[in-house]
Amino acid sequence: MRTIGRSEADLISNLPCSIIENILGCLPLRDAVRTSILSREWRYKWITCPELVFDFWFDQMFLGNHKLEMIIYQILRLHQGPLLKFALQVPDFRSCPDVDQWIDHLPNNNIQDFTLHISRGDKYVLPSRLFAFQQLRNLKLYKCAFNPPPGFKGFSKLVNLDLQNVELDPVTFAKFVALCPNLESLRLMDCTGFECLEINASKLKFLEFHGVFKSVSFKNCSSLAEVKLSFSSMDFKTGNRFSFDLIKSLSCLPALEELHLQAYVLEDLTEFGAPKKLPMALKTLKTLHLSDMYFEKIEEISCAICLIRSSPNLQKLKITAFTFDVVEAVAEFLRAQKISDGSMTQLKTVDMQLFSGIESEMEFVKYLLASATALEEMAISPHAGSVSDGGESILNELKQFPRASPKAEIINSEKKGW
């Protein structure tokens, strides 16, 4: 048995170095380092791992009583060969002032994936050294101050940029994005507020933003297909054309297929004739998700209908309700709406999330069922805090409503797992 065991161990140990590196690269860093105790031969095999990830799990399961600083210094000192990925989560910046020196130890000609996550403390000011990593394809920063040095020429290979709670200069950031010609995915979460969010990126396919801006400008965004926008405050939009200008900007995106908006963003479209069609259409839009829809507000409901009517090729609609009170005026408004005049001919699936079954919600669904001539599935996800029987009584009532499409099914999405 011992002979067989040694033979099997040798089969692994004698594999080509590139295969062993790939195997170790698939392991969490703590496990890759632990292979050093297997034998003398394995003591330093981990030092050529192409990925070093010092994340939360590394901190919790590997450090024990050891200090993070000492471990990182030792690993960086011992590491050999190309380093393609480096990720670091710092529990508290004030107790870990060595980040600059660690970044200085990294090879600037190999790293393709860099993540820095500051959990607590002051925002970390990124060193100019980081902007020398010209092979970067993925960059994720959390709780940092982002300010490229003068003369920075951009990241020519950057594909994904994810910034959360990052301090930005909007003008400088707009220039930075324009200097990343291969950028495909951009995520900005709770960063510095923008007077104007300016995006100039010809290969950008995905944009997600949560925070504050007063206007948005898309320049040369011919590939942008998916946009998710949510707002931490809407105080600034009172008394201006924010909603109208936003939809106008979105309508100029020739590849836009999927849009996620908070419903209350649309409210001031009522000034431009909602719930009739908007003067500009979202002609390429196929999927629309309106979240936090207040079914107590006529303005919000009418603007949602307006946007749906202005998306002639819409195939999938998702509504996430945010409803507490019953307002009879909203139900009356919906009952007064005429069946859509041929603008919902492509709509095939509707998903109603957090559905309470109040009258205004029921009338909204009735309107969709009566207007969507190609509808195949209406999925209802009941609000657990408002619906006592799992939504069965609501579902039974909805099934009695007239349907423009003979193929339309009404289902409980909780049971189907939609």
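**Asp292 and strand β14**

Asp292 is found in strand β14; strands here are DSSP runs of E with at least two residues, helices are runs of H or I with at least four residues, and both are numbered from the N terminus. Phi of this residue is near 55°, a positive value in a residue other than glycine. Asp292 is partly exposed, with a relative accessible area of 25%, where buried means under 20%, exposed over 50% and partly exposed in between (1.4 Å probe, protein chains only).

**Basis of the model**

The model is predicted: local features need pLDDT of at least 70, side-chain atom pairs count only at pLDDT 80 or more, and totals for chains, interfaces and linings use all residues. Residues are numbered from 1 along each chain as its sequence is written, and side-chain values use heavy atoms, leaving out hydrogens and water.

From β14 the chain passes through helix α9 (residues 298-309) to β15 in a right-handed β-α-β crossover, a path that runs clockwise from the first strand over the helix to the second when the strands point away from the viewer. Within this pair, Met293 stands opposite Ala321 of β15.

β15 also pairs in the parallel sense with strand β16 (residues 349-355), over five bridges. Here Ile319 stands opposite Met352 in β16.

**The protein as a whole**

The protein has 13 helices and 18 strands. Of its 418 residues, 49% are buried.

Conventions:
Two strands pair if DSSP finds at least two bridges between them.
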